[in-house]
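Okay, thanks for having me, everyone. Let me put the structure up, and then we'll walk through it together.

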Amino acid sequence: MDLFGSYLIKEFRENGYSVIACDINKKDKFEKEQIYYDMDILDYNRVEEVLKECMPDYIVNLAAISSVRFILEYSSERLWK
């Protein structure tokens, strides 16, 4: 099963967005050209450091959502309210 983050990265990149991926020791799951930061989102100092360096316009946190099937099985109304 595909991971939703990988799917979302592909979609964003195909639509002209620059994407920065963050995860814990998972660099090998991304394409070589993907900008990647090894980061635990529970480490406040590391998160702050990466955000200051990258200055993103948007942040999409998928820490609790991994599978595409999960997204497809639940409506956006249930997920985002």
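So, Met55 is exposed, with a relative accessible area of 61%. For the cut-offs, buried is under 20% relative accessible area, exposed is over 50%, and partly exposed is in between, with a 1.4 Å probe and protein chains only. Met55 sits in the loop between α2 and α3. As background, most residues other than glycine have a negative phi.

Before I go on, keep in mind that this is a predicted model, where local features need pLDDT of at least 70, side-chain atom pairs count only at pLDDT 80 or more, and totals for chains, interfaces and linings use all residues. Residues are numbered from 1 along each chain as its sequence is written, and side-chain values use heavy atoms, with hydrogens and water left out.

How confident is the predictor? pLDDT is its confidence in each residue, from 0 to 100. The protein averages 78, and 73% of the residues score at least 70.

Now the overall layout. There are 4 helices and 2 strands, and from the N terminus the order is α-β-β-α-α-α. Those are DSSP runs numbered from the N terminus: helices are H or I with at least four residues, strands are E with at least two. Of the 81 residues, 20% count as buried.

Let's look at α1, residues 4-14. Which residues are buried here? Phe4, Leu8 and Ile9. They are on the same side of α1 because they cover an arc of only 135° around the axis, taking the directions from the helix axis to the C-beta atoms. After α1 comes Gly16, with a positive phi near 90°.

There's also 1 aromatic pair. Rings of Phe, Tyr and Trp (its six-membered ring) pair if their centres lie within 6.5 Å, and planes under 30 degrees apart are stacked, over 60 edge-to-face, the rest tilted. Here Phe12 and Tyr17 have ring centres 5.6 Å apart and planes at 65°, so the pair is edge-to-face. Phe12 is partly exposed at 30% relative accessibility, and Tyr17 is partly exposed too, at 47%.

Last stop, the largest pocket, at about 1200 Å³. A pocket is an open set of points on a 1 Å grid over the protein atoms alone, where a 1.4 Å probe fits, with protein on both sides within 12 Å along at least five of seven lines; lining residues have an atom within 4 Å of a point. The volume is the space filled by probe spheres set on the points, which are joined across faces, edges and corners.

Of the 35 lining residues, Ile20, Ala21, Cys22, Val60 and Asn61 are the closest to the centre. α1 gives the largest share, 6 residues. The lining divides into 26 nonpolar, 5 polar and 4 charged, where Ala, Val, Leu, Ile, Met, Phe, Trp, Tyr, Cys and Pro are nonpolar, Asp, Glu, Lys and Arg charged, and the others, Gly among them, polar.

Val60 lies in the loop between α2 and α3. Val60 is 52 residues from Leu8 in sequence and 9.5 Å away in space, C-alpha to C-alpha.

How values were computed:
pLDDT = per-residue confidence, 0-100.
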